[in-house]
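Open the model in your viewer and colour the chain by secondary structure.

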Amino acid sequence: MTNIENDTPVDDGANPEAAEAAASANSENEELAQLAEQVAALQQDLLYARAETQNVTRRKDKEIADAHAYAATKFARDILSVADNLGRALAALSEEQRADEAIKPLITGLEATERELLGVFERNGITRIAAIGLPLDPNQHQAMLEIPSDKTPGTIVQEMQAGYMLKDRLLRPAMVGVAKAG
């Protein structure tokens, strides 16, 4: 059918096949769009899953490395008391006792044992925390008392018990006395 005024064809909806084809094309486009959205969502989920797997693997590797590096922490803490007692025994010896020929071999043995123990500490990453003359660091020192002193308040002036680190972790804080203000 044509429009008489300008001889152009007029669509009066009489062609049902064309309408059905257009509707079919629209539904296919919608279906393709939905499938594309699903594919994009699945790709995003896959990326997240891969990232999470990598994170879990990194955490596991770090935990294994830490377990190897710090496996002896409990033993190291326990052996510190042996080092303390050995140091106290050597410090308690007077000059007269050190000069006595009868116990000189005992003293030499104690000193050799202390050197060997400190060597074992060094080989295993156990280091003594510096204290005397330094400002109090609550991450490494435990203040036990305040002592009147002419030093700056908060400066460590006495060490009651040595502190130790295992690599970068605190094994035991140094127990110290700090200078008291005025």
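Start by selecting β3, β6 and β7: these 3 strands make an open antiparallel sheet, in the order β3-β6-β7. Strands are DSSP runs of E of at least two residues, helices runs of H or I of at least four, both numbered from the N terminus; two strands pair if DSSP finds at least two bridges between them. β3 and β7 are the edges with a single partner strand each, so one side of each has no neighbour in the sheet. From one strand to the next the twist averages 35°.

This is a predicted model: local features need pLDDT of at least 70, side-chain atom pairs count only at pLDDT 80 or more, and totals for chains, interfaces and linings use all residues. Residues are numbered from 1 along each chain as its sequence is written, and side-chain values use heavy atoms, without hydrogens and water.

Next, zoom in on β3 and β6, which pair over 3 antiparallel bridges. Thr127 has Met165 of β6 as its bridge partner.

Helix α2 covers residues 73-92. Show its buried side (under 20% relative accessible area, 1.4 Å probe, protein chains only): among the residues there are Ile79, Leu80, Ala83 and Leu86. Their cover includes α3, α4 and β5 as well as the sheet strands β3, β6 and β7.

Finally, show the whole chain: 4 helices and 8 strands, with 18% of its 182 residues buried.

Terms used
Buried means under 20% relative accessible area, exposed over 50%, partly exposed in between (1.4 Å probe, protein chains only). The expected span of a helix is 1.5 Å times one less than its number of residues. Contact means heavy atoms within 4.5 Å. Axes are lines fitted to C-alpha atoms, for helices over the stretch in contact, and angles run from 0 to 180 degrees between N-to-C directions.
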